[in-house]
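Dear colleague,

Please find the structure below. My notes on it follow.

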Amino acid sequence: MPPLLKLILSRLALGVVTLLVVSALMFVGIELLPGDLAQQILGQSATPDTLAAFRAELGLDQPAHIRYFEWLAGAAQGDFGNSLASRRPVADLLGSRLANTMFLAVYAAVIAVPVAITLGLLSALWRNSIFDRTVNIGALSAISMPEFFVAYLLVLVMSITYGWFPTLARVDEASSLLDAMYRSFLPALTLILVVIAHMMRMTRAAIINVLAAPYIEMARLKGVPRWRVITHHALPNALAPIINVVALNLAYLIVGVVVVEVVFSYPGLGQLLVDAVANRDLPVVQAVGLFFAGTYILLNVAADILSILSNPRLRHAR
């Protein structure tokens with residue numbers, strides 16, 4: 001087997017093992033929650049016979065490890081059980097909300113990734129200039145502010161004060177693309193301002209680090225323009241850390257939208273997770289948590305593989 005293929009397969013296997021460990025920890029954490037789920041759902045007036053029958057219906061009368069493996073086997077086939085609150089299949093609830101979350105994440109990523117990389121390149125090109133210092137101050141300010149503060153600030157300025165955008169991002173299947181983009185602009189802008197700073201600063205740092213290499217100095221001595229040195233020589237050799245930080249922030253755009261979706265009442269997975277926690281709808285909590293963990297692990301594995309492919313020095317095991 002070629003070393004590169006072996007290295008990629010090992011990363012994929014490590015991702016699968018990590019997902020299994022995360023699913024087990026998540027199941028154990030839910031099991032350790034205080035209180036009786038059947039008692040909470042049926043109320044204090046439930047009789048012992050009713051509680052016993054309801055526990056048997058939910059499978060709570062079985063040992064925890066058996067319930068875990070049954071749930072894992074069902075999840076592997078796309079069957080997450082039924083919601084305790086609505087009695088609907090969890091997969092149906094995830095499907096309707098997943099499209100909204102993915103739309104918001106793609107909306108923010110299409111704007112944030114090219115803008116962040118461009119700002120990072122320009123900051124490295126004009127290092128220590130007024131532009132570089134201004135961009136860095138803005139990036140540090142964005143990193144320092146939590147998502148909910150950025151969201152409420154945007155609502156205050158762009159919705160309440162000027163009335164440019166709606167306060168609540170109500171999006172449904174009947175909404176057209178332009179209408180959905182208009183209604184979800186504020187949550188998308190919140191995510192953009194949060195993630196763009198990390199990507200920009202990592203791009204700047206990676207480019208500046210490569211610019212200190214001897215071959216870059218030789219290119220400068222030959223009279224190669226500075227912009228060409230950065231785009232043709234520095235950027236290709238700085239792709240590995242840039243790919244990593246972009247993948248991490250893309251993962252955040254999908255799994256870190258809980259606060260943003262709650263602030264704007266956006267009908268995505270984050271809002272679904274908060275509602276499920278409030279209603280103690282454990283099948284939905286487990287399904288959404290597993291999806292978030294799987295997405296985060298998958299994007300990290302993809303970033304690792306792309307970093308290996310983009311850097312010849314990483315393609316051979318040492």
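Which residues does threonine 190 touch, not counting residues up to four places away in sequence? They are Glu147, Val150, Ala151, Leu154, Val260 and Phe264, where contact means heavy atoms within 4.5 Å.

Please note that this is a predicted model, in which local features need pLDDT of at least 70, side-chain atom pairs count only at pLDDT 80 or more, and totals for chains, interfaces and linings use all residues. Residues are numbered from 1 along each chain as its sequence is written, and side-chain values use heavy atoms, with hydrogens and water left out.

Threonine 190 belongs to helix H9 (residues 185–211); helices are DSSP runs of H or I with at least four residues, numbered from the N terminus. Threonine 190 has a relative accessible area of 0% and is therefore buried (under 20%; exposed is over 50% and partly exposed in between, with a 1.4 Å probe and protein chains only). Its side chain reaches the backbone oxygen of leucine 186 at 2.9 Å.

Asparagine 279 lies in the loop between helix H14 (269–278) and helix H15 (282–310). Because its relative accessible area is 49%, asparagine 279 is partly exposed. Asparagine 279 and leucine 84 are 195 residues apart in sequence, yet 8.6 Å apart in space, C-alpha to C-alpha.

Finally, there is a helix pair to consider. Tyr215, Ile216, Ala219 and Arg220 in H10 meet Arg226, Val229, His233, Ala234 and Asn237 in H11.

A colleague

Technical notes
Helix = DSSP H or I, 4+ residues; strand = E, 2+ residues; numbered from the N terminus. Polar contact = N/O pair within 3.5 Å; in protein donor to acceptor, adjacent residues only side chain to side chain.
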